[in-house]
Amino acid sequence: MDINHIRTQFPILGEQVHGRPLVYLDNAATTQKPLRVIEAMDIYYRTLNANIHRGAHHLAAAATERYEAVRRQVQSLINARHSHEIVFTRGTTESINLVASSFAKLRFTGDGDEVIVGGMEHHSNIVPWQLAGARLRPIPFSDEGVLDIKAYRQLFSGHTRIVAVNHVSNTLGTVNPVREIIDIAHEHGVPVLIDGAQAISHLPVDVQALGCDFYCFSGHKMYGPMGVGVMYGREELLDAMPPYQGGGEMISEVSFERTTYNQLPFKFEAGTPSVGDVIGLGEAIAFMQEVGIGTLAAHEDDLLRYASERLRELPGVRIYGTAPEKTSVLSFLVGEAHPYDVGTLLDQLGVAVRTGHHCTQPIMDRYGIPGTVRASFAVYNTREEVDAFVAALERVMPLLG
């Protein structure tokens, strides 16, 4: 992989922050966008802007074809059986909310409904199930950040409606054994939703091989634009589930007496979609596939190992998340310093990291801490940037006491 060539494709990496070269290590929050993604969206709005699926004119037909071509790209990326199992949303959060709301109407009884969730879940895989009326049964995890599969097996009951677990923890970087989790759930006849927001740009994803029932992810964490995401669902479940929202496109026939719904996937895509963002997502997928998912993963894993080794050399630094299987995320604290203070001082030296609870307050409660500093890596990061990050940290540590 020619890292210098890759970096030239990301215009923002040439920016300076407080007079210093930008070292961007906040990729778990959002990745930067290659020029081809930015240009594809610009070309759409300059030359192709039209609403899709509704017009007989050239622009509408051409925009529709581009939009549906990206659906087929996503199908290929995750090896879904059918393209109509791919539903476009605004992101992982909306995808999970869609499933929670619609699946609850299909399967919840209102009598002790339970959802098994991972103990390391993002709030977007906790709150929607609570809004749906479920009692959550969290899977405990070890100090290293490894889910307790033995304890997980004991959580099933006659009230278990679905299992919802992230593929990769956005805070600890743990790669969860989702295939085993899915197999165990299916032994109990329980479907499984996987939050793939942190996995989709780091790991090869094959939904048929995994056997999951739902898989959700966001474009902006895989070098694509914000405002677009994907909800994959098995055809049989999507057919049975009621629509999430009502409006245009999701209908077959409407009268004041009754409405019938459109076929998949349009039943779940009410209203005007973000066509330009979907086209940008297609370019992001093309970028990832040209680099190679395996190449992406190997590079990021190398950076994670290197950064972990460098941080362990610093006195008073505590790393959270030391699972044997992890990727791209490094959470830590410096002595008794508040993570926000660490992040603010690093920013003054041009280093962008994330601070706080990372929308995973149950993890922080588990460790008894207010939050962490999180450095996270992407394909365009380098060992030299890791060195700059560590040097900046060494420089601010005396200021933190």
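## Strand pairing, helix packing and cysteines in a predicted model

Val 87 stands opposite Met 231 in strand E10, where strands are DSSP runs of E with at least two residues and helices are runs of H or I with at least four, both numbered from the N terminus. This is a predicted model, in which local features need pLDDT of at least 70 and side-chain atom pairs count only at pLDDT 80 or more, whereas totals for chains, interfaces and linings use all residues. Residues are numbered from 1 along each chain as its sequence is written, and side-chain values use heavy atoms, with hydrogens and water left out.

**The seven-stranded sheet**

- An open sheet of 7 strands has the order E4-E10-E9-E8-E7-E5-E6 with mixed pairing, two strands being paired if DSSP finds at least two bridges between them.
- Because E4 and strand E6 (135–139) each have a single partner strand, they stand at the edges, and one side of each is left without a neighbour in the sheet.
- From one strand to the next the twist averages 20°, with axes taken as lines fitted to C-alpha atoms (for helices over the stretch in contact) and angles running from 0 to 180 degrees between N-to-C directions.
- E4 (residues 86–89) runs antiparallel to E10 (residues 229–233), to which 4 bridges join it.
- Strand E5 (residues 114–118) runs parallel to E6 and is joined to it by 5 bridges, with Ile 116 opposite Arg 137 in E6.

**Helices on the sheet and against each other**

- Helix H3 (residues 58–78) lies across E4, strand E9 (214–218) and E10, and runs at about 115° to E4.
- Helix H4 (residues 92–107) also packs on the sheet, where it touches E4, strand E7 (160–166), strand E8 (192–195), E9 and E10, and its direction makes about 155° with that of E9.
- Helix H2 (residues 35–48) packs against helix H10 (residues 275–291) at an angle of about 150°, with the axes 8 Å apart.
- Residues of H2 including Arg 36, Ala 40 and Tyr 44 meet residues of H10, among them Asp 277, Glu 283 and Phe 287, contact meaning heavy atoms within 4.5 Å.

- In strand E14 (residues 329–334), 6 of the 6 residues are buried, so the strand is largely enclosed by the rest of the structure.
- Val 329, Ser 331 and Leu 333 point one way from E14, while Leu 330, Phe 332 and Val 334 point the other way; in a regular strand the side chains alternate between the two faces of the sheet.
- Strand E13 (residues 317–320) is antiparallel to E14 and joined to it by 4 bridges, with Tyr 320 having Ser 331 as its bridge partner.
- E14 also pairs with strand E17 (residues 372–376) in the antiparallel sense over 4 bridges, and here Phe 332 stands opposite Val 373.

**Cysteines**

- The count comes to 0 disulfides, a disulfide being a pair of cysteine sulfur atoms within 2.5 Å.
- Cys 212 is in no disulfide, and its nearest cysteine sulfur, that of Cys 216, is 9.0 Å away; Cys 212 counts as buried because its relative accessibility is 1%.
- Cys 359 is likewise in no disulfide, with the sulfur of Cys 216 the nearest at 16 Å, and Cys 359 is partly exposed at 32% relative accessible area.

Conventions
Buried < 20%, exposed > 50% of the residue type's maximum accessible area, 1.4 Å probe, protein only.
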